[in-house]
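Take a first walk through this structure. Keep the sequence beside you as you read.

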Amino acid sequence: MVRTVFEKSDAIALVAEVFRELGYEGASMSEITARTKLSKGSLYHFFPGGKEEMAAEIMANIDTWFVTEMFKPLEEEDPRAAIARMWEMTDSYFRSGRRVCLIGAFALDETRDRFSAAIRDYFHRWIEALAGALLRAGTPDTDAKMLSEEAVIGIQGALTLARALGDEAVFGRTLVRLKHRLETALG
């Protein structure tokens with residue numbers, strides 16, 4: 001049965017889940033149509049550039065969410081409140097470890113070369129936004145950068161390990177440890 005989709009944002013969400021499950025290379029157009037239940041005509045209506053445009057639109061959608069919900073608060077709001085919000089939003093976005101970081105997954109395979117600037121910018125902005133919040137909260141410069149890298153590495157690693165082990169609790173435990181580490185550093 002073909003699914004009716006009226007908004008491009010609906011199609012983006014459906015295709016993103018296929019990419020999360022199969023990766024960019026594994027997501028053929030026939031797999032995308034089968035798993036989303038969208039016709040090829042609908043997909044090409046929303047994404048005339050095909051699969052590459054789908055991935056670019058999905059990454060732009062993810063970036064917009066992270067800018068709004070995490071990066072700007074880390075850059076502009078009370079640093080301690082923004083860092084606390086980051087932990088909540090991270091847990092929520094990645095559905096407590098059940099959802100793969102698509103940009104992280106794209107960074108690990110041959111897709112990285114196709115979308116290198118977007119991938120690099122996403123991780124760089126997250127690290128810099130968190131480091132800036134840590135600095136404004138009183139963390140020394142060298143510690144802020146190290147802690148922000150450690151947090152993003154820990155989040156990404158926990159997502160990978162939770163998926164590999166089939167144990168979503170790994171993600172939750174890691175977030176608790178990382179949050180405690182940053183709170184300790186903040187005093």
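In which helix does Gly23 lie? Gly23 sits in helix H1, residues 8–26. Helices here are DSSP runs of H or I with at least four residues, and they are numbered from the N terminus. This is a predicted model: local features need pLDDT of at least 70, side-chain atom pairs count only at pLDDT 80 or more, and totals for chains, interfaces and linings use all residues. Residues are numbered from 1 along each chain as its sequence is written, and side-chain values use heavy atoms, with hydrogens and water left out.

Gly23 is buried, with a relative accessible area of 18%. Buried means under 20% relative accessible area, exposed over 50%, and partly exposed in between, with a 1.4 Å probe and protein chains only. The C-alpha atoms of Gly23 and Glu52 are separated by 12 Å. Along the chain, these two are 29 residues apart.

Now turn to the pockets. A pocket is an open set of points on a 1 Å grid over the protein atoms alone, where a 1.4 Å probe fits, with protein on both sides within 12 Å along at least five of seven lines; lining residues have an atom within 4 Å of a point. The largest pocket holds about 230 Å³ of space. Its lining has 13 residues, and Val100, Cys101, Ala105, Leu108 and Thr160 lie nearest the centre. Helix H6 (102–108) and helix H9 (141–165) each supply at least two residues of that lining. H9 gives the most, with five.

The second largest pocket holds about 150 Å³. Among its lining residues are Ser9, Arg20, Trp65 and Tyr93. H1 and helix H4 (50–76) are the elements that give two or more residues to this lining. The largest share, six residues, comes from H1.

Last comes helix H10, residues 169–186. H10 has 18 residues and reaches 26 Å from its first C-alpha to its last. That is close to the 26 Å expected at 1.5 Å a residue, where the expected span is 1.5 Å times one less than the number of residues. Which residues of H10 are buried? They are Val170, Phe171, Thr174, Leu175, Leu178, Leu182 and Leu186. These cover an arc of only 135° around the axis, so they are on the same side of H10. The arc is that of the directions from the helix axis to the C-beta atoms. The face turned away from the buried side carries the exposed residues Val176, Arg177, His180 and Thr184. Just after H10, Gly187 takes a positive phi of about 90°.

Methods
Points joined across faces, edges and corners; volume = space filled by probe spheres on them.
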